[in-house]
Amino acid sequence: MSLKINLHIKFQQSQKGSVLVMAVFIMVVMLMLGVALVRMLSSSAETIAYEVLGTRAYNIANTGLQAKMAEIFPLGADALRCNGGSTSTLVDGAAPAATVTLVDYKPSLANVEGLRNCTVTQLTCSNFKQDAVVYYQLSSVGECQIDGANKTSRTIVVEARSLK
């Protein structure tokens, strides 16, 4: 009986302090997992914010492009050149006309809730005539920002042709 008690006491003495080391180790591992989880959530929130800004920038670029296309291709009338002139003045087979950059072209979207702080920063248009058909290439850059620091832009390029 006393041998059994001696072995039990000896076993307890050899285990002294190991529980404390294991507890500290588990706490450190749990802390590292918590910090990693917080970083992942923070990064995910930032990614979603940029994704929303990118979608808004795409929409404003598309809006500017469609507004310009509506000017070039009016309903019930012949298509116009990029600078507003008549397409009949273009020389058939000539090199593309100079690109018209419409820097100050900004559609009025101040009242659209989802496009606040978004602008069309650049809208370019070029056209040329080949075999009596006028070809157009339009490019629009939309830009959105939050707090003046985080900025996202999208570029859309569209090619079109006249029906005549």
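**Confidence and layout**

Analyst: This is a predicted model. The mean pLDDT of the protein is 83, and 85% of its residues reach 70 or more.

User: Which element has the lowest mean pLDDT, and which the highest?
Analyst: Strand β1, residues 100–101, has the lowest at 62. The highest belongs to β4, at 92.

User: Ok, α2. How many residues does it have, and what should they span?
Analyst: α2 has 55 residues, and at 1.5 Å a residue they should span 81 Å.

User: Which residues of α2 are buried?
Analyst: Leu 53, Gly 54, Ala 57, Ile 60, Ala 61, Gly 64, Leu 65, Lys 68 and Ile 72.

User: Why would a helix residue point the same way as one three or four places along?
Analyst: An α-helix has 3.6 residues a turn, so residues at that spacing point the same way.

User: And what do the buried ones in α2 pack against?
Analyst: They pack against β2, β3 and β4.

User: Now the largest nonpolar core. Which residues touch the most other members?
Analyst: Ile 72, Tyr 136 and Leu 138, out of 20 residues in that core. At least two residues of the core come from each of α2 (18–72), β2 (118–130), β3 (133–146) and β4 (150–161). The largest share is from α2, with six residues.

User: What is Ile 72 in contact with?
Analyst: Leaving aside neighbours within four places in sequence, Ile 72 contacts Asp 78, Ala 79, Leu 80, Arg 81, Cys 82, Cys 125, Tyr 136 and Leu 138.

User: What's around Thr 152?
Analyst: Beyond its neighbours within four places in sequence, Thr 152 is in contact with Tyr 50, Leu 53, Gly 54, Ala 57, Gly 142, Glu 143 and Cys 144. Leu 53, Gly 54 and Ala 57 are among the buried residues of α2.

User: How do β2 and β3 pair?
Analyst: They pair in the antiparallel sense, over 12 bridges. One of the bridge partners is Val 133 in β3, which goes with Gln 130. The hairpin has two residues between the strands.

User: What about the phi of Asp 131?
Analyst: Asp 131 has a positive phi of about 50° although it is not a glycine. Asp 131 is in the loop between β2 and β3, and it counts as exposed because its relative accessibility is 59%.

User: And Ala 132?
Analyst: Ala 132 lies in the loop between β2 and β3 as well. Its phi is near 65°, a positive value in a residue other than glycine. Ala 132 is partly exposed, with a relative accessible area of 43%.

User: Last topic. How many aromatic pairs are there?
Analyst: The count comes to two. Phe 73 and Tyr 136 form an edge-to-face pair, 5.1 Å centre to centre with 75° between the planes. Phe 73 lies in the loop between α2 and β1 and Tyr 136 in strand β3, so the pair ties together parts 63 residues apart in sequence.

User: Are those two residues buried or partly exposed?
Analyst: Phe 73 is partly exposed, at 27%, whereas Tyr 136 is buried, at 3%.

User: And the other pair?
Analyst: Phe 128 and Tyr 135 form a stacked pair, 5.4 Å centre to centre with 25° between the planes. Phe 128 counts as partly exposed at 29% relative accessibility, and Tyr 135 is partly exposed at 30%.

Note on methods: Residues are numbered from 1 along each chain as its sequence is written. This is a predicted model: local features need pLDDT of at least 70, side-chain atom pairs count only at pLDDT 80 or more; totals for chains, interfaces and linings use all residues. Side-chain values use heavy atoms; hydrogens and water are left out. A nonpolar core is a set of buried Ala, Val, Leu, Ile, Met, Phe, Trp, Tyr and Cys residues joined through side-chain atoms within 4.5 Å. Buried means under 20% relative accessible area, exposed over 50%, partly exposed in between (1.4 Å probe, protein chains only). Helices (H or I, at least four residues) and strands (E, at least two) are DSSP runs, numbered from the N terminus. Contact means heavy atoms within 4.5 Å. pLDDT is the predictor's confidence in each residue, from 0 to 100. Two strands pair if DSSP finds at least two bridges between them. The expected span of a helix is 1.5 Å times one less than its number of residues. Rings of Phe, Tyr and Trp (its six-membered ring) pair if their centres lie within 6.5 Å; planes under 30 degrees apart count as stacked, over 60 as edge-to-face and the rest as tilted.
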